[in-house]
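This report describes the overall build of one protein and then one position within it. Please consult the sequence and the model as you read.

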Amino acid sequence: MPVQMSDEDFDEAAARALEMIPQALRDKLDNVAVFVEDRYEPEPGEHPDTVLLGLYEGIPLTERGGEPWAMPDRITLYKEPILQMCSTRDEVVEQVTITVVHEVAHFFGIDDATLHRLGWG
């Protein structure tokens, strides 16, 4: 059975997950906005049943050219699929942390294959 959690509690779990990232790395998370949405809406051409827990949108640090005009990068957490896959609030907090670390790693240029190999997939 999916966990029930208020928007405020879920946001707090996301904030705590961000705080768990070492300060030296957090200091580099400049121009990154974090959002929570209910669910991912697949793009045209994607399978309509695509489910994501989180999404990083932006230019990874490893690919930047120092554009001073760049829009903020965006990390989005998708609340409903995370709640549906968890059976306790502790599991939700753990999954939110894994998802935040995964998406922040993309900001730093780490790909999915490496994240899965490291246990953050």
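What does the accessible surface of the protein come to, and what share of it belongs to carbon and sulfur atoms? The accessible surface is about 7600 Å², and 53% of it belongs to carbon and sulfur atoms (Shrake-Rupley method, 1.4 Å probe).

This is a predicted model, in which local features need pLDDT of at least 70 and side-chain atom pairs count only at pLDDT 80 or more, while totals for chains, interfaces and linings use all residues. Residues are numbered from 1 along each chain as its sequence is written, and side-chain values use heavy atoms, with hydrogens and water left out.

The protein holds 5 helices and 3 strands (DSSP runs of H or I, at least four residues, and of E, at least two). From the N terminus on, their order is α-α-β-β-β-α-α-α. Buried residues (under 20% relative accessible area, 1.4 Å probe, protein chains only) make up 31% of the 121 residues.

**Threonine 76**

Threonine 76 lies in strand S3 (residues 73-78) and is buried, with a relative accessible area of 0%. Its side chain forms a polar contact of 3.1 Å with that of arginine 74 (N or O atoms within 3.5 Å, one able to donate a hydrogen and the other to accept it; residues adjacent in sequence count only if both atoms are side-chain atoms).

| Residue | In contact with |
|---|---|
| Threonine 76 | Phe35, Glu37, Leu53, Gly54, Leu55 and Glu57 |
| Valine 104 | Leu18, Ile21, Leu29 and Ile75 |

Terms used
Buried < 20%, exposed > 50% of the residue type's maximum accessible area, 1.4 Å probe, protein only. Contact = heavy atoms within 4.5 Å. Lists of a residue's contacts leave out its neighbours within four places in sequence.
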